[in-house]
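Dear colleague,

I am handing over the structure we spoke about, and below it I have set out what was found in it. Please read the notes with the model open beside you.

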Amino acid sequence: MHTQLFEGELIRLGALDAERDAEIESKWTHDPEFARALSSEPVRPLSPNQIKKKYDEMIKNERQYHFAIRARDDDRMIGFIRISGIEWTNGIAWLSFGIGDAADRGKGFAREALRLALAYAFGELNLYRLSAIAPEYNERARHILERAGFALEVRRRQAIARDGKRWDALAYGMLRDEWVNGETR
Amino acid sequence: MTNLLTGNRVRLTAINAEKDAEIMARWFHDSEYSQLFDLVAARVFSTKQVKEFAEKEMEPEKPNTFHFAIRALADDRLVGTTDLSIISWTNGDGWVGVGIGERALWGKGYGTDALRALLRFAFTELNLHRVSLEVFEYNPRAIRAYEKCGFQIEGRARHALNHNGRRWDELFMGVLREEWVNSNW
């Protein structure tokens, strides 16, 4: 049995620490590339204080589990991963994640966080399936999801407008049966 | 110019919470209606609860949701409700739902007629780029009605629903403005 649900080799999943983390996340919201990769909503810089209020709301929300992704070496927050919109009677939820600083991407942090989050969702929350959305233009996220075993299921045509062009909104899914415990594939 | 909100058999009007709540509360006591309408567990609502909900939803300070009562042209009787929620103004994406509450009127084209009026509202009044919806695999009548209105299946979240002891897919459908203009204009 896995008893360490939150410990990876490169990263660990931790609780939010509003005092330290709000400042870091505020910086991320000022980076259009990060904001656009994550969502189809307009980019909107938020102050540390606004982020703190968002954290307060998140903690109250019983339908979601939010984790800070922390580097093992110095414990700084490098990203987040979140299981949200849990619908218990159907056993379904949404998964989202992001690595805030461009310098921290491509190092396997998200991949490892995803492995831990899948184990938590399927092995601890006992969910039946997870969905994840990615804008068509976020090739990095699509690659990470596909490599983790998610299947592309939905293509909402032209649902996103950026820089005068239209892009599809993609949705991926993974069933508990498709999840291979502990395997990174 | 024809009335935007009037179809061939129904018209879309404001929900009159005072008068309509009792009828709507009765619909929710038909569990099959609830299960076709929403993926959350069916539950019953009192007239008072429905009235409060309807009053809140009809408030003008909720600019991102448009709730309508569907009334038969013949006798002005309340037959169902329909709603449009803006997912994103910047991307021009709206999400719709339609429900015919009176079981005796299922399969007679009321929902299709109401949705055609709602699409006209979405594309010519709100100027949306696309309209989206979700529908459950166990509701083929609705899928057919949506296809008649021009919606295409854009994907399916496999086994997202646990209904009557087995798993079913959740289907996502969408219609683009240009498709609607070329078919129904």
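A residue counts as buried when its relative accessible area is under 20%, so B:D30, at 17%, falls among the buried residues. Please keep in mind throughout that this is a predicted model. B:D30 sits in the loop between α1 (17–28) and α2 (31–37) of chain B, and, leaving aside its neighbours within four places in sequence, B:D30 is in contact with B:R103 and B:W106.

**The contact between the chains**

The area buried between chain B and chain A is about 2200 Å², and carbon and sulfur atoms account for 41% of that area. Within chain B, the residues that lose the most area to chain A are B:N91, B:E154 and B:R158, which together make up 31% of what that side buries. Counted by residues, the contact draws 29 from chain B and 24 from chain A.

Five salt bridges are found across the interface of chain B and chain A, as are 21 residue pairs in polar contact, with both residues at pLDDT 80 or more. On the side of chain B that touches chain A, at least two residues each come from β3 (78–88), β4 (93–100), β5 (130–136), β6, β7 (166–176) and α6 (177–184) of chain B. Of these elements, β6(B) gives the most to that side, with ten residues. By class, the side of chain B that touches chain A is made up of eleven nonpolar, ten polar and eight charged residues.

B:A157 counts as buried because its relative accessibility is 4%. Not counting residues up to four places away in sequence, B:A157 touches A:R129, A:E153 and A:V154 in chain A, together with B:D169, B:E170 and B:F172 in chain B. The C-alpha atom of B:A157 is separated by 9.0 Å from that of B:W168, eleven residues apart along the chain.

**Salt bridges**

Over all chains, a search of the whole structure finds 35 salt bridges. In chain A, A:R76 pairs with A:D104 in a salt bridge whose closest N and O atoms are 3.1 Å apart. This pair links distant parts of the chain, 28 residues apart, since A:R76 is in the loop between β2 (65–71) and β3 (77–87) of chain A, while A:D104 is in the loop between β4 (92–99) and α4 (109–124) of chain A. A:R76 counts as partly exposed at 33% relative accessibility, whereas A:D104 is buried, with a relative accessible area of 7%.

In chain B, B:D20 forms a salt bridge with B:R71, and the closest N and O atoms are 2.7 Å apart. Because B:D20 lies in helix α1 of chain B and B:R71 in strand β2 (residues 65–72) of chain B, the pair ties together parts that are 51 residues apart in sequence. B:D20 counts as buried at 3% relative accessibility, and B:R71 counts as buried at 10%.

A salt bridge also joins the side chains of B:R26 and B:E102 (2.9 Å, N to O). Here again distant parts of the chain are linked, with B:R26 in helix α1 of chain B and B:E102 in the loop between β4 and α4 of chain B, 76 residues apart. B:R26 is partly exposed at 46% relative accessibility, while B:E102 is buried, with a relative accessible area of 9%. Elsewhere, salt bridges that share partners join A:R156, A:R157, B:D93, B:R130, B:E154 and B:E179 into one network. Within this group, the side chains of A:R157 and B:E179 meet in a salt bridge at 2.5 Å, N to O.

**Helix α4 of chain B**

Helix α4 (residues 110–125) of chain B has 16 residues and reaches 22 Å from its first C-alpha to its last, close to the 22 Å expected at 1.5 Å a residue. The helix is mostly covered, as twelve of its 16 residues are buried, among them B:L115, B:L118, B:L119 and B:F121. Just after α4(B), B:N127 takes a positive phi of about 60 degrees.

With best wishes

Key. Residues numbered from 1 in each chain as written. Chains lettered and ligands numbered in written order. Predicted model: local features only at pLDDT ≥ 70, side-chain atom pairs only at ≥ 80, totals over all residues. Heavy atoms only, no water. Buried < 20%, exposed > 50% of the residue type's maximum accessible area, 1.4 Å probe, protein only. Contact = heavy atoms within 4.5 Å. Helix = DSSP H or I, 4+ residues; strand = E, 2+ residues; numbered from the N terminus. Expected span 1.5 Å × (residues − 1). Buried area = accessible area lost by both parts, 1.4 Å probe. Salt bridge = Lys/Arg side-chain N within 4 Å of Asp/Glu carboxyl O. Polar contact = N/O pair within 3.5 Å; in protein donor to acceptor, adjacent residues only side chain to side chain. Nonpolar A, V, L, I, M, F, W, Y, C, P; charged D, E, K, R; others polar.
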